[in-house]
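Subject: Structure for you to look through

Hello,

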Amino acid sequence: MDAPVAEGEVLAIAAQIFAALVDGEEGRLVPWPAPQPEPEHDVAAWVDVAGPWAGRASLETSSDAAADLARALLGLAPGAPVPDDEVADALGELANVLGGNVKALLPHYGALGLPRVAGALPGDDEGRAVRRVPLAWHGHSLVLTVWERSPLAGAADGGEVR
Amino acid sequence: MRPDTFAYVADLVRRRSAIRVEPGKEYLVESRLGPLARAHGLDLDDYVQRLRQGATEGELTGVVEAMTINETSWFRDVGPFAALRPHVLPLLRGAGLGDRLRVWSAACSTGQEPYSILMALADEPAVPVDVLATDLNEQVLDRARSGEYSQLEVNRGLPAPALVRYFERAGAQWRVKAELRSRVQFRRHNLLDPAPGGPFDLVFCRNVLIYFDVATKRAVLDRIARVLRPGGLLVLGAAETTLGVHEGFERVEAGALVLHRPVAGGSTAGPATAAGPASAAGPASAPLNAPTPRGVPAPLGAPTPRGVPVPLGSPFAVASPAPLPVVSAFGTSRPAAAAALPAPRTTARTTPPATAPSQRGQS
Amino acid sequence: MRALVVDDSRTMRRIVAATLQDLGFEIAEAENGAAALALLESGLTFDLACVDWNMPQMDGLEFVSQVRTGNRWRAITLMMVTTESEQEQIVRALAAGAHEYLIKPFSPDALRDKLQLLGLLPAVAGGVA
């Protein structure tokens, strides 16, 4: 068995989150144009899932994008000042909604941890990236990743980051 | 786009729906209203200017509709569905209801309406319900047949007790359970053609006549009248009426709901219209292939359940938290009573653990 | 009418409050179930509480249970607004006494639809421009 969630499902979840909460309509969040190299990300938000399947759902992007996301969520004008802690809260909430919807796809209930935000993912406890979905939002790079720390019983070993 | 154009649209939309169009979302106004303006041969600023000088209710509704996210609502306007068991069924019985209730949902779009009808009648033990649901568009019919809806779509006006009772998860979507899906027959049909089958006890034709000119409206209503059995009832949209359009219907009140019923002895109203769709199409403003409306927002003046006496056991009784004991929707008398709730999933699941308190932290 | 918005995310509190305010509600906010309960115990009355599930101190399910167990706050309509979307979670919330359940992500229209279902919308608003 490969990754517990399909790429299409992660995409669908993300599209709905952005349509409902961020953009007011679909179509603003699209796959990252593949040959183009992804820029550096300097902010990450994530939530952990605990249960028979243990893992993490994360969101990585640039701080500029994060500020724009926060403005869109909060209904602020473009370029309006938005304090760092509000940006962090907004990004954390996006990770929260992403994680909650991803975990609902699992065959067993998983408990959602509280969201965390930092300059980068901790890098030592994510587990294996089983779904990596690079996206573009208003030109910004946004990468959603589903990490697996302990797979479901009976899942095949190995598997690649897609 | 001029700032005052944006301000006007944002204000209009905000007053008539819960949508806020904030600075920064000018692109939304452009992408949603631009086509509408161009359909009138105007640019957006000129179109809005024209609206400000004097717009019809239909034009304003059209603007708001274009700006809202287009998921069709379940139990749209609530009232017609809440009234089905306590008020509409007794009326039909009084006129001699047969052993089955036959319903036609005309312009059913992605299926929310026919499924809502079934959910509203699900606890009515005595009468099995058959629903014929039609639409012009085969694509939306396929979606309706699948009974699968996104998270965003099931959030639209579907009572939570109904969600858990009549739906099951299908990946990232929710799917109407087979027991309900099997009661609806979906078929492609053009309203300008002779009605499909019948006779029906109940016809829902909601918020679609508004897209037609008067002659076409009459033609469609004629066809509906012909397939309603004596005493059968027509349910229109919240702000719609046959008044001034078709004299062959009379108003009927069922609780707070207004229905229409073909006048006994039948009369068709207005000038004779030729039978074929081609001639019934009328002027260019009534296209033959009228777009199936989706997501037209109910006007804020639409009837709400408040003040409508709602019997215990109704799906809508859960609305009132005041003196009555809380009645969960769909037949349970206490929220804790699990008997009427869906059977647990057969796949093994762990009991959801209590959420461990921990700080929402930022590192 | 007054609404209590309970969520540990300030962002989400603002999003919910914005729509409710547009619909005519006065808003009070609390960042978890314990803080929300304290507001109720201080004597403030509300017609509606929109409650997140996963929060520190006291989660939304516990808050709903507490409100519904006593007789003191019978007039409050309780709607959970949460990312928990498994069928059994919704069942648990309704069993604990929540009147409604809105899954995140939601659009402002979806929140408004729920309020219409609950009979909480103002009778008539807006008019011909």
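The buried residues of α1(A) are Glu9(A), Val10(A), Ile13(A), Ala14(A), Ala15(A), Gln16(A), Ile17(A), Phe18(A), Ala19(A), Ala20(A), Leu21(A) and Val22(A). Buried means 20 or more other C-beta atoms within 10 Å of the residue's own, exposed means 12 or fewer, and partly exposed lies in between, with C-beta atoms placed from the backbone. The helix spans residues 7-23 of chain A and is mostly covered, with twelve of its 17 residues buried. Gly24(A) follows α1(A) and has a positive phi, near 80 degrees. Helices (H or I, at least four residues) and strands (E, at least two) are DSSP runs, numbered from the N terminus.

This is a predicted model: local features need pLDDT of at least 70, side-chain atom pairs count only at pLDDT 80 or more, and totals for chains, interfaces and linings use all residues. Residues are numbered from 1 along each chain as its sequence is written, while chains are lettered from A and ligands numbered from 1 in the order in which they are written.

Next, the helix pairs. In chain A, the axes of α2 (residues 63-74) and α3 (residues 84-103) come within 9 Å and cross at roughly 80 degrees. α2(A) is therefore roughly perpendicular to α3(A) (65 to 115 degrees; under 35 is roughly parallel, over 145 roughly antiparallel, the rest oblique). Axes are lines fitted to C-alpha atoms, for helices over the stretch in contact, and angles run from 0 to 180 degrees between N-to-C directions. By class, this contact has ten nonpolar, no polar and one charged residues. Nonpolar covers Ala, Val, Leu, Ile, Met, Phe, Trp, Tyr, Cys and Pro; charged covers Asp, Glu, Lys and Arg; the others, Gly among them, are polar.

In chain C, α3 (residues 60-69) and α4 (residues 87-96) pack at about 25 degrees, axes 8 Å apart. α3(C) and α4(C) are therefore roughly parallel. Leu61(C), Val64(C), Ser65(C) and Arg68(C) of α3(C) contact Arg92(C), Ala93(C) and Ala96(C) of α4(C) (contact: C-beta atoms, placed from the backbone, within 7 Å).

Now chain B. It has 13 helices and ten strands. Of its 363 residues, 48% count as buried. The domain assignment, automatic or from a database, gives domain 1 (3-67) and domain 2 (79-280). Their C-alpha centres lie 31 Å apart.

One caution. Chain B averages a pLDDT of 75 (the predictor's confidence in each residue, from 0 to 100). Over residues 269-363 of chain B, pLDDT stays under 50. Where pLDDT is low, the predicted coordinates should not be read in detail.

Best wishes

Definitions and conventions. Two residues are in contact if their C-beta atoms, placed from the backbone, lie within 7 Å.
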